[in-house]
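User: I would like to learn how to read features of a model like this one. Can we go through it step by step?

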Amino acid sequence: CVGHWLMGDGGGLVAFDVSGFRKNGTLTNMDPGTDWVGGPHGWALDFDGVNDTVDLGFVHVTGANPRPVTMWVKPTGLPGSGPSFIAWGTAADGEKWNLRSDFTSAVLRIEIHGQAYISALTLTNDVWQFIGITFLCTTLAGHRLYVNGASEAATGTNTVNTTSTNNASLASSTVDGGRFMQVTIDDARIYDRALDPDEITSLFTDPFLEFRTRRRLVFNSVT
């Protein structure tokens, strides 16, 4: 991971990054007294869909480099206006990267500005579900989207060339000036390497396996 927001904090205005890269997220327009709530694996963050977001800073995943993302989500009121789970980049052709819901139906969508892929993977309101996306080549067709155990390959010929103008954000898209989502989020991760299907499945069925392994490696390196 280059960013792993486990949401185990349970309070305060910081969502700490446990990846080791210290990309701590800043809760923005949020109330730490009420927005830390119970999640599937402990604590989670509840976003109001009006102006709540977590600023993740610059995630250092740009160009056509791999950027798999996974998280647990419980959305409300989808499809709404096509709100975002996570986004960063610039509003120019190929330079944005935005994982979101579609406008007209509650399904997972990926867009890179200038082109989007709308999957048939259903997002269920008011239910916890695992979502993810992998990125294996330089075009939109290099993406594979996941909801729980189901997956779907994207299609599209436009080239991905994400830029670093806007910080990454949870439950919104600063690239688009908003797209706030009413959703509860737990265990959000960004990678800078390709994940194979078995790894994605492992994150769905045993989300703490990688975290436990990482902690053992750190412990063994200092003992």
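User: What lies over the face of phenylalanine 103?

Analyst: One caution before that: this is a predicted model. To read a charge over a ring, look at the distance from the ring centre. Here arginine 100 lies over the face of phenylalanine 103, and the distance to the ring centre is 4.4 Å.

User: How many aromatic pairs does the structure hold?

Analyst: There are four aromatic pairs. Take tryptophan 88 and tryptophan 97 as a worked case. Their ring centres are 5.0 Å apart and their planes meet at 40°, so this pair is tilted. Planes under 30 degrees apart would count as stacked, and over 60 as edge-to-face.

User: Are tryptophan 88 and tryptophan 97 buried or exposed?

Analyst: Buried means under 20% relative accessible area. Tryptophan 88 has 2% relative accessibility, so it counts as buried. Tryptophan 97 has 0%, and it is buried too.

User: Which residues form an aromatic cluster?

Analyst: Trp72, Phe130 and Phe204 form one cluster. Keep Trp72 and Phe130 in mind, as both also line the largest cavity.

User: What does a search for cavities find?

Analyst: Searching the whole structure gives one cavity of 30 Å³ or more. The volume of the largest cavity is about 30 Å³. After volume, read the lining. It consists of Thr70, Met71, Trp72, Phe130, Asp187, Arg189, Leu203 and Pro207. By class, five of these are nonpolar, one is polar and two are charged.

User: Which strand gives the most to the lining of the largest cavity?

Analyst: Strand E7 does, with three residues. E7 covers 69–75, and strand E16 covers 182–190; each supplies at least two residues of that lining.

User: How many bridges pair strand E10 with E11?

Analyst: Four bridges, in the antiparallel sense; E10 spans residues 107–111.

User: Where does threonine 124 lie?

Analyst: Threonine 124 is in the loop between strand E11 (116–122) and E12. Its relative accessible area is 39%, so it is partly exposed. Sequence separation is a further check. Threonine 76 is 48 residues away along the chain, yet the two C-alpha atoms are separated by 8.4 Å.

User: Why is strand E13 largely enclosed by the rest of the structure?

Analyst: Count the buried residues. E13 runs over residues 143–147, and four of its five residues are buried, so the strand is largely enclosed. Then look at its partners. Strand E12 (residues 129–135) is antiparallel to E13 and joined to it by five bridges. Strand E14 (residues 150–153) is also antiparallel to E13, over four bridges.

User: Which residue is the bridge partner of leucine 145 in E14?

Analyst: That is glutamate 152.

User: How many residues lie between E13 and E14 in the hairpin?

Analyst: Two residues lie between them.

Notes
Residues numbered from 1 in each chain as written. Predicted model: local features only at pLDDT ≥ 70, side-chain atom pairs only at ≥ 80, totals over all residues. Heavy atoms only, no water. Buried < 20%, exposed > 50% of the residue type's maximum accessible area, 1.4 Å probe, protein only. Pairing = 2+ DSSP bridges. Phe/Tyr/Trp six-rings, centres within 6.5 Å; stacked < 30°, edge-to-face > 60°. Lys NZ or Arg CZ within 6 Å of the ring centre and 35° of its normal. 1 Å grid on protein atoms, 1.4 Å probe; cavity = no way out; pocket = protein on both sides within 12 Å on 5 of 7 lines; lining within 4 Å. Points joined across faces, edges and corners; volume = space filled by probe spheres on them. Nonpolar A, V, L, I, M, F, W, Y, C, P; charged D, E, K, R; others polar.
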